[in-house]
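Here is a short tour of a structure, taken one region at a time. Keep the view open beside you and follow along as we go.

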Amino acid sequence: YRFLGEPVVEACVENGASCLDISGEPQFLEGMYLKYNERAAEKGVYVVGSCGFDSIPADMGVLYTRDKLKGTLTAVESFLSVKFGPEGLCVHDGTWKSAIYGLADEDNLRKLRKKIGYAPVPVVGAKLKKRGFVFYNREFKEYSTLFMASDSSVVKRTQRYLHTELQETPVQYGAYLNIGGLGSVIKLWFAGMLFLLLTKFSFGRKLLTKYPEFFSGGRFTKEGPTQKQMDGTSFTMTFFGEGYSEGQDPQKGKPNVKICTEVKGPEPGYVATPIAMVQAAVSLLEDAAFLPKRGGVYSPGAAFSKTKLIDRLNRRGVEFSVISKPEV
């Protein structure tokens with residue numbers, strides 16, 4: 001999307017057509033907001049980014065968790081687990097390239113955000129504690145790490161919109177990935193350090209782009225996954241939320257209610273992503289009365305929070321459910 005996405009957004013906005021994409025690149029998504037939000041609003045069209053696995057499960061999952069809690073949800077952590085069969089897990093190298101250029105260009109993303117001048121999102125309730133980059137997760141009995149995809153930035157944009165435009169209580173959010181035992185941690189550490197080092201130099205980026213299979217241990221290839229690999233792969237995203245019971249002031253005392261929810265579905269990149277994207281498009285067409293009043297450039301949660309998108313996803317195999325709701 002960094003190199004090829006903008007002409008599509010521009011053409012749609014100029015010709016009065018709404019537009020969805022499956023980008024997981026914060027710099028592209030937020031760049032389109034800066035450039036086209038006002039023009040899209042004038043034209044009465046909706047440009048909604050990240051309508052695939054990045055980041056509908058996370059963004060709509062936080063809203064689902066909020067709606068299922070009796071009281072005020074103030075903080076959520078999500079943990080992604082990806083299961084795969086004997087054929088292993090594989091992703092096309094387009095995703096790999098997005099990660100390479102995204103990491104290499106972090107400074108420009110910071111500058112872009114300064115230019116946009118985002119209003120700060122207030123912290124309501126107890127501040128969500130930041131975890132370490134890698135930590136042992138007692139709930140899952142395995143190690144977890146910070147999830148480096150676009151979910152955090154997309155959820156934050158949604159929460160900012162819902163707070164500033166609809167005066168809803170903003171939810172703090174942390175995104176993590178379950179990685180397995182100590183052996184997986186060591187492998188990830190070495191691979192991650194090498195990846196970070198190589199993205200800093202143009203020669204390193206060329207190497208990473210040319211030999212994705214070698215540098216990713218076979219996880220990313222120019223061919224992408226086989227049908228058997230896709231059939232054997234699924235994901236579960238578990239949300240642990242906390243908040244304050246009805247009638248309790250979230251600015252006083254500690255959170256006194258908890259909730260655990262889940263979004264699960266088939267292989268994320270090639271099966272769940274098109275399901276999410278198509279159902280988002282159907283919601284855009286059929287739930288027009290429940291979309292934001294003005295056109296513009298939106299995150300999925302901002303665009304679809306009042307629509308029937310979650311019901312549609314549930315019927316298509318990307319399932320949202322409540323796991324547990326401890327009492328006050």
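## The largest cavity

Asp21, Phe28, Leu29, Met32, Val47, Val48, Gly49 and Val297 line the largest cavity. Helix H2 and strand S2 (46–48) are the elements that each give two or more residues to this lining, and H2 gives the most, with three. Please keep in mind that this is a predicted model.

The volume of the largest cavity is about 40 Å³. A search of the whole structure finds two cavities of 30 Å³ or more.

## The second largest pocket

Next comes an open space. The second largest pocket holds about 630 Å³ and has 26 lining residues, with Tyr33, Tyr161, Thr164, Glu165 and Tyr298 lying nearest its centre. Two or more lining residues come from each of helix H2 (26–43), helix H6 (151–166), strand S11 (296–298) and helix H12 (300–304).

Which element gives the most to the lining of this pocket? That is H6, with six residues.

Now for the strand pairings. Strand S7 (residues 172–180) has eight buried residues out of nine, so the rest of the structure largely encloses it. On pairing with strand S3 (residues 72–83), S7 runs parallel, and six bridges join the two; here valine 76 stands opposite tyrosine 173 in S7. Strand S6 (residues 142–146) also pairs with S7, in the antiparallel sense and over four bridges. In that pairing, leucine 146 faces tyrosine 176 of S7 as its opposite residue.

From S3 we can walk on to S9. These two strands run antiparallel and are joined by 11 bridges, with phenylalanine 79 opposite threonine 238 in S9. S9 in turn is joined to S10 by 10 bridges, again in an antiparallel arrangement. A handy pair to look for there is phenylalanine 235 and glycine 265, the latter in S10, which stand opposite one another. When you inspect these strands, remember that in a regular strand the side chains alternate between the two faces of the sheet.

## Proline 250

Between strand S9 (234–244) and strand S10 (257–266) there is a loop, and proline 250 is found in it. Is proline 250 buried or exposed? Its relative accessibility is 17%, so it counts as buried, the cut-off being under 20%.

Setting aside residues up to four places away in sequence, proline 250 touches Thr72, Thr74, Val124, Gly125 and Tyr244.

## Helix H4

Helix H4 (residues 93–104) is made of 12 residues, and it spans 16 Å from its first C-alpha to its last, close to the 16 Å expected at 1.5 Å a residue. Which residues of H4 are buried? They are Asp93, Trp96 and Ile100. Looking down the axis of H4, these buried residues fall within an arc of 45 degrees, so they line one face of the helix.

## Backbone details worth a look

A few backbone features deserve a visit too. Most residues other than glycine have a negative phi, and most peptide bonds are trans. Against that background, aspartate 54 and serine 55 are joined by a cis peptide bond, with omega at about 0 degrees. Serine 55 sits in the loop between S2 and helix H3 (56–68).

Lysine 141 is not a glycine, yet it has a positive phi of about 55 degrees. Lysine 141 belongs to the loop between strand S5 (134–137) and S6, and with a relative accessible area of 66% it is exposed. Glutamine 167, likewise not a glycine, has a positive phi of about 55 degrees. The loop between H6 and S7 is where glutamine 167 lies, and its relative accessibility of 61% makes it count as exposed.

Methods:
Residues numbered from 1 in each chain as written. Predicted model: local features only at pLDDT ≥ 70, side-chain atom pairs only at ≥ 80, totals over all residues. Heavy atoms only, no water. Expected span 1.5 Å × (residues − 1). Buried < 20%, exposed > 50% of the residue type's maximum accessible area, 1.4 Å probe, protein only. Arc of directions from axis to C-beta. Pairing = 2+ DSSP bridges. 1 Å grid on protein atoms, 1.4 Å probe; cavity = no way out; pocket = protein on both sides within 12 Å on 5 of 7 lines; lining within 4 Å. Points joined across faces, edges and corners; volume = space filled by probe spheres on them. Contact = heavy atoms within 4.5 Å.
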